[in-house]
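Please look through the sequence and the model shown here before reading on. The report that comes after them is meant to be read side by side with the structure.

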Amino acid sequence: MISKPLSTYLIPTKNHSYSLWGAVLVGVLVWIMLVLSVWIVPVWDEQRMINIVQKKDSLYQLLQWIWLESRPYRPFSSTLSYPILYWIQDKTLIWQVMRGLNTLVLLFATAIYFAFLQQQRRLAPSHQILILFVLLFSPAMLIVAGWGANLFDAWTYLFIAIGLWSLGKNKYAVATLSFALSFFCKEISLLIFPFLLYWWLNKKIKTRPYIAINMGLLLIFTLYMLLRSRVIELGGSTDIHSFDISKLDHALNLYVSTMWQQSIASIPYLGWCITGIMFWQLRTSWPALLGSALLIMLSALLYQNMPHLGAAPVIAHTVFQPRLYLIPSTLLLMIILLHSRSLWIPLLLLIPLQISGLIWHFMYFHQFQTVYKHIEQKALNHRRTLHILGEPGVQFSIWNTPHLSYKIWSPTNVPTQIQMDYRLLNGTGELVPISKPKQH
């Protein structure tokens, strides 16, 4: 059988109406406009990334730091993005380039995921539009595209997509290479192992190539962990978070409760109800049920202690929480859409859930950046470096351009010799002037 190229599944043909792809194009343009509307100011780790990268004296020094010292240790995705930050010296432009790159990577990868589904299952035009809608219009896609520091998630999303496409075409060497590269982009790429198990149990791949792929990936992952351990102790104080298997039940409950809405404002028990309905849709395929269950449990373990549910301070890391669901929810969606007896049920359940989470996080992220914009305006008025005292949970930030300079100090590293100008209340985002001591 002659293998059809990727373009067969993406470019209109006699089997694809141009009106369908016109609707898809409109949807993509609307999504891009939505993403652009939250390009307000550089925030949080974006500032940290830019400051670190631009301090390097040469590209060689930058690459050496990426592979031997950088934390978190995600060297391949950093190698694909950081040199661009190094070459662009204009700080007013660089953060927009970061976000633009993430947006392009996400769009390209989403097209590949869609083509993978088309490759495996014949989809009606109405299903095609809804699937693309679900893939694009999620809180995870908005935050990863709208925040440059999510480059790790964006590149991982792409390489897993290429791997799945290659796996579906029985191009096992390409699939192994692509999955292996994803290990060096972000640790969440470990989810490919339960997906491969599902693929094998579903008789989509023979035992010999399945074992070969897993052996190759285990060797590459071991190499990655050896390199990573030279910089970061697994689960240690310098790691992103610790792991505790005994608390997996709590982590699982929190992750499932927030997984479908991808939001800190999720309705807790609704997440379990939706999971139950999705599993009921997969009841005729025990490999799909097992693969889905393993994906959810491993995601909960890898992101243990990171999801939050409930109150959301204006200035806090919780604004970026949707990124935790990009890779897990996409792989889970692939299994559901490949095996669900009726595509209408999962799609029509997911759309209102995602839209509610999308609207909520759009407003949250917009408000978060608006506070930073207010700080910028204050700094411009002062015509000097503006010093702002944050509260616990507010990250240390530095931003310097020829006409704008401010520093947000976290309470743990406030220098005694510097007089703070304002206190930033992370509960409200309000800037409260700090009275200066009188001169005698």
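This is a predicted model: local features need pLDDT of at least 70, side-chain atom pairs count only at pLDDT 80 or more; totals for chains, interfaces and linings use all residues.

Residues are numbered from 1 along each chain as its sequence is written, and side-chain values use heavy atoms, with hydrogens and water left out.

**A pair of helices**

Two packed helices are described by the angle between their axes and the distance between the axes. Here the axes of helix 11 (residues 192-201) and helix 12 (residues 207-229) come within 10 Å and cross at roughly 175 degrees, and this makes helix 11 roughly antiparallel to helix 12. Helices (H or I, at least four residues) and strands (E, at least two) are DSSP runs, numbered from the N terminus. Axes are lines fitted to C-alpha atoms, for helices over the stretch in contact, and angles run from 0 to 180 degrees between N-to-C directions; those under 35 degrees count as roughly parallel, over 145 as roughly antiparallel, 65 to 115 as roughly perpendicular and the rest as oblique.

On the side of helix 11, the contact (heavy atoms within 4.5 Å) is made by Ile192, Phe193, Leu196, Leu197 and Trp200, and helix 12 contributes Thr207, Tyr210, Ile213, Asn214, Leu217 and Leu218. These residues divide into nine nonpolar, two polar and no charged.

**Aromatic rings**

How many aromatic pairs does a search of the whole structure find? The search finds 26, where rings of Phe, Tyr and Trp (its six-membered ring) pair if their centres lie within 6.5 Å, and planes under 30 degrees apart count as stacked, over 60 as edge-to-face and the rest as tilted. The table sets out two of these pairs.

| Pair | Centre to centre | Angle between planes | Kind |
|---|---|---|---|
| Phe76 and Phe159 | 5.5 Å | 50 degrees | tilted |
| Phe320 and Phe365 | 6.0 Å | 70 degrees | edge-to-face |

Because Phe76 lies in helix 5 (residues 75-87) and Phe159 in helix 9 (residues 151-168), their pair ties together parts that are 83 residues apart in sequence. The other pair also links distant parts of the chain, with Phe320 in the loop between helix 15 (286-302) and helix 16 (326-339) and Phe365 in helix 17 (residues 344-382), 45 residues apart. Both Phe76 and Phe159 are buried, and Phe320 and Phe365 are both buried; buried means under 20% relative accessible area, exposed over 50%, and partly exposed in between (1.4 Å probe, protein chains only).

One aromatic cluster is formed by Trp67, Tyr73, Phe183, Phe184, Phe193, Phe221 and Tyr224. Rings also meet charges: the charged end of Arg74 sits over the ring of Phe152, 5.1 Å from its centre, and Arg283 lies over the face of Trp280, at 4.1 Å from the ring centre. For this, NZ of Lys or CZ of Arg must be within 6 Å of the ring centre and within 35 degrees of the ring normal.

**Residues in loops**

Gln304 lies in the loop between helix 15 and helix 16 and is buried, with a relative accessible area of 2%. Lys203, found in the loop between helix 11 and helix 12, has a positive phi of about 65 degrees although it is not a glycine, and Lys203 is exposed, with a relative accessible area of 75%. Finally, a cis peptide bond with omega of about -5 degrees joins Arg71 and Pro72, and Pro72 has its place in the loop between helix 4 (59-68) and helix 5.

Terms used:
Ala, Val, Leu, Ile, Met, Phe, Trp, Tyr, Cys and Pro count as nonpolar, Asp, Glu, Lys and Arg as charged, and the others, Gly among them, as polar.
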